[in-house]
Amino acid sequence: MSLEVVARHFDALGSTCELQVVAGSQAALERCEQQVRLAEARFTRFVRDSELSQLNASHGRYTPVSPQMFSMLEAAVWAYQESGGLVNAAVLPALMAAGYDRPFIEGLSQPASVVAVQPAPLVEVLALDRPTRSAAVAPGVALDLGGIAKGFLADQLIDELGDNAVCNLGGDLRLRGGGPEGDGWHIGLCDRSAVALTDGGVATSGVTRRRWGQGMHHLIDPRTGLPARTDLLEVSVVTDCALRGEVYAKCAVLLGAVGGAAFLEARGVHYAMLPAEASRAA
Amino acid sequence: MSSNTALRRASMLGTLLLAALFSGLVIASPKPAQPPLHPAVKPLPSDAAVQSQSYVS
């Protein structure tokens with residue numbers, strides 16, 4: 001017998017979010033949605049007075065930040081180190097140069113000329129001071145947290161939802177519990193396979209969405225400063241938390257089928273890949 | 001093979017294994033760089049209904 005699931009869907013973080021709880025209440029889901037919206041307002045680069053925009057405009061001065069922003073920036077540094085520099089929050093100038101200079105929903109255009117903007121190593125341009133909970137971004141550098149924000153938030157918010165829930169923020173999700181059937185939550189991956197798990201995170205990265213112009217897309221390769229050229233369309237990673245899944249999936253897409261598989265297998269995670277040939281064969 | 005023979009062989013094997021262990025001859029199996037980060041994943045049949053989907057957004 002299946003247990004009853006209470007669910008809530010809403011648009012935030014530039015995507016669709018889905019919260020599900022077994023034997024939970026809509027009130028808990030509403031509180032969680034509210035937290036997603038508060039975090040979105042804090043982390044967006046498209047609003048001039050958001051906390052991220054203020055940090056990006058601080059011209060190298062140390063700026064006090066909220067506890068959540070400080071944690072997010074620490075996560076960005078971790079992602080940079082864990083990925084060997086492939087996940088670099090300092091890609092905003094490269095994204096802007098590629099034409100991603102406004103919310104995707106408003107429509108993006110092909111830039112007149114595509115200029116490569118290689119980001120500086122994040123650890124050299126972002127300074128964090130824990131005692132004063134402040135951060136400094138080097139002049140000329142700007143951060144985009146879109147690459148890790150959904151996973152980071154899903155990991156934070158799962159606690160709000162209890163012991164048997166899914167927090168799916170735009171496809172990057174954190175879950176715990178046996179789900180409605182009791183054998184774990186059943187999660188679909190990018191290659192149409194599915195897994196059941198009772199505690200962990202799942203995330204998918206790829207180049208199939210947020211595309212514009214002539215081959216432009218949102219996944220910047222920090223090694224080139226341009227939208228990534230890869231033989232993978234999408235990668236899903238199942239691991240212990242959504243943030244790690246997001247980082248590993250992005251690494252795999254950037255490294256390509258051979259390098260990506262080696263990267264993921266060395267880390268012992270479950271994954272699914274959608275190679276570029278898959279779309280041509282379909 | 002009689003049960004006595006089988007027992008003798010098992011005993012001999014055990015003795016040899018212990019001797020090898022203490023003399024440092026047993027080579028440890030290679031270990032992954034870090035432990036599996038999510039060993040409790042259960043793959044589902046291809047026609048399984050899913051309750052949530054991971055996707056690119």
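**Figure 1. The hairpin of β4(A) and β5(A) in the predicted model.** Four residues separate β4(A) from β5(A) in this hairpin, and Arg133(A), in the turn, has a positive phi of about 45 degrees. The structure shown here and in the other views is a predicted model. Strand β4 of chain A spans residues 126-129 and runs antiparallel to β5(A), to which four bridges join it. Within this pairing, Leu128(A) has Ala135(A) of β5(A) as its bridge partner.

**Figure 2. The surroundings of Pro139(A).** Pro139(A) is located in the loop that connects β5 (134-137) with α6 (149-161) of chain A. Because a residue with 12 or fewer C-beta neighbours within 10 Å is classed as exposed, Pro139(A), which has 10 such neighbours, counts as exposed. Residues up to four places away in sequence being left out, Pro139(A) touches His59(A) and Gly60(A). Thr204(A) lies 65 residues from Pro139(A) in sequence, and their C-alpha atoms are 32 Å apart in space.

**Figure 3. The hairpin of β8(A) and β9(A).** Strands β8(A) and β9(A) pair in the antiparallel sense over four bridges. One of the residues involved is Trp185(A), whose bridge partner in β9(A) is Leu197(A). The hairpin has five residues between its strands, and Arg192(A) takes a positive phi near 75 degrees. Strand β9(A) is covered on both faces: Ala194(A) and Ala196(A) are buried on one side, and Val195(A) and Leu197(A) are buried on the other.

**Figure 4. An open sheet built from strands of both chains.** The sheet has four strands in the order β1(B)-β9(A)-β8(A)-β2(B), and its pairing is mixed. Strands β1 and β2 of chain B are the edge strands, each pairing on one side only. In general, the strands of a sheet pair through backbone hydrogen bonds, in either the parallel or the antiparallel sense. Gln53(B) of β2(B) is the bridge partner of Gly188(A).

**Figure 5. The contact between chain A and chain B.** Chain B contributes 23 residues to the contact and chain A contributes 43 residues. On the side of chain B that touches chain A, β1 (42-43) and β2 (52-53) of chain B each supply at least two residues. By class, that side of chain B comprises 14 nonpolar, eight polar and one charged residues. The model as a whole scores ipTM 0.92 and pTM 0.88.

**Figure 6. Confidence along chain B.** The mean pLDDT of chain B is 67, with 37% of its residues reaching 70 or more. Among the elements of chain B, β2(B) has the highest mean pLDDT (98), whereas helix α1 of chain B (residues 3-22) has the lowest (58). The pLDDT is below 50 over residues 17-33 of chain B, a stretch that has five contacts in the model beyond near neighbours in sequence.

**Figure 7. The largest nonpolar core.** This core has 91 residues, and those with the most contacts inside it are Ala76(A), Ile148(A), Cys167(A) and Ala252(A). Helix α7 of chain A (residues 242-266) provides the largest share of the core, 12 residues. Neighbours within four places in sequence aside, Ala76(A) is in contact with Ala89(A), Leu122(A), Leu145(A) and Ile148(A). In soluble globular proteins, nonpolar side chains tend to be buried together.

**Figure 8. The overall build of chain A, as context for the close-up views.** Chain A contains eight helices and 16 strands. Its radius of gyration is 19 Å, close to the 19 Å that the globule rule gives for 282 residues, so chain A is as compact as a globular protein of that length. Taken along the principal axes, the C-alpha atoms of chain A fill a box of roughly 60 × 50 × 35 Å. Of the 282 residues in chain A, 47% are buried. Among the contacts in chain A with a separation of 6 or more, 63% are between residues 24 or more positions apart.

Notes:
Residues numbered from 1 in each chain as written. Chains lettered and ligands numbered in written order. Predicted model: local features only at pLDDT ≥ 70, side-chain atom pairs only at ≥ 80, totals over all residues. Contact = placed C-beta atoms within 7 Å. Nonpolar A, V, L, I, M, F, W, Y, C, P; charged D, E, K, R; others polar. Pairing = 2+ DSSP bridges. Rg over C-alpha atoms; globule rule 2.2 N^0.38 Å. Buried ≥ 20, exposed ≤ 12 C-beta atoms within 10 Å, placed from the backbone. pLDDT = per-residue confidence, 0-100. Core = buried A, V, L, I, M, F, W, Y, C linked by C-beta atoms within 7 Å.
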